[in-house]
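Welcome! Please take a moment to look over the sequence and the 3D view before reading on.

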Amino acid sequence: MSKLHYFTHCLDRSAQLAYSKNMTAKQRYIFGMLLILFGVCGRLFLRDLPNIETIMVVSLLAGALLGGLWTIGVGLAAVAISDAFIGNSVIFLYTWSAWALMGFCGWVIRKRQKNAWHALELTGMGICGTLF
């Protein structure tokens with residue numbers, strides 16, 4: 001099994017646990033760290049491709065699945081770590097606040113029933129966030 005396949009398998013398994021609402025604090029921590037890792041790797045490896053927003057994805061997922069401080073912390077941690085490698089300009093307050101807002105939007109729909117409609121809501125928020 002390749003490293004990428006193993007990583008996506010772990011992320012998928014963690015998402016299944018998050019949807020079950022039976023996550024322990026340790027599982028929540030591991031899922032949050034996996035989201036941060038996914039966001040950082042995605043931003044570093046896909047930075048030359050336009051409109052590939054892995055930080056937005058992890059922010060929305062953290063808000064929708066983890067809640068609490070993870071809502072804003074995952075996106076901001078991922079962007080801070082990746083900015084240490086990529087660098088940023090004076091617009092960092094704008095970009096960082098946008099990703100924090102995406103986490104908050106995910107948190108807003110957190111209490112709703114997790115079904116296909118929930119996935120469409122997250123997708124719609126992602127599209128709006130990309131256009132914003």
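Predicted model: local features only at pLDDT ≥ 70, side-chain atom pairs only at ≥ 80, totals over all residues.

## The chain at a glance

The chain has a mean pLDDT of 76, with 71% of its residues at 70 or more. Confidence is lowest in helix 1 (residues 3–20), where the mean is 57. Helix 2 is where confidence is highest, at 90.

As for secondary structure, you will find 6 helices and 0 strands. Read from the N terminus, the order of elements is α-α-α-α-α-α. The chain has 132 residues, and 38% of them count as buried. If you take the contacts between residues at least 6 apart in sequence, 66% of these join residues at least 24 apart.

## How helix 2 and helix 3 pack

Two packed helices can be described by the angle between their axes and the distance between those axes. Helix 2 spans residues 25–45 and helix 3 spans residues 54–66; they pack at an angle of about 165 degrees, and their axes are 8 Å apart. Because of that angle, helix 2 is roughly antiparallel to helix 3. The crossing of helix 2 past helix 3 is right-handed.

## Where the two helices meet

Which residues of helix 2 meet helix 3? They are Arg-28, Phe-31, Gly-32, Leu-35, Phe-38, Gly-39, Gly-42 and Arg-43. On the side of helix 3, the partners are Thr-54, Ile-55, Val-58, Leu-61, Ala-62, Leu-65 and Leu-66. By type, the residues of this contact between helix 2 and helix 3 comprise 9 nonpolar, 4 polar and 2 charged.

Key
Residues numbered from 1 in each chain as written. Heavy atoms only, no water. Axes fitted to C-alpha atoms, helices over the stretch in contact; angles between N-to-C directions. Helix = DSSP H or I, 4+ residues; strand = E, 2+ residues; numbered from the N terminus. Parallel < 35°, antiparallel > 145°, perpendicular 65-115°, else oblique. Left-handed = near helix turned anticlockwise from the far one by under 90°. Contact = heavy atoms within 4.5 Å. Nonpolar A, V, L, I, M, F, W, Y, C, P; charged D, E, K, R; others polar. pLDDT = per-residue confidence, 0-100. Buried < 20%, exposed > 50% of the residue type's maximum accessible area, 1.4 Å probe, protein only.
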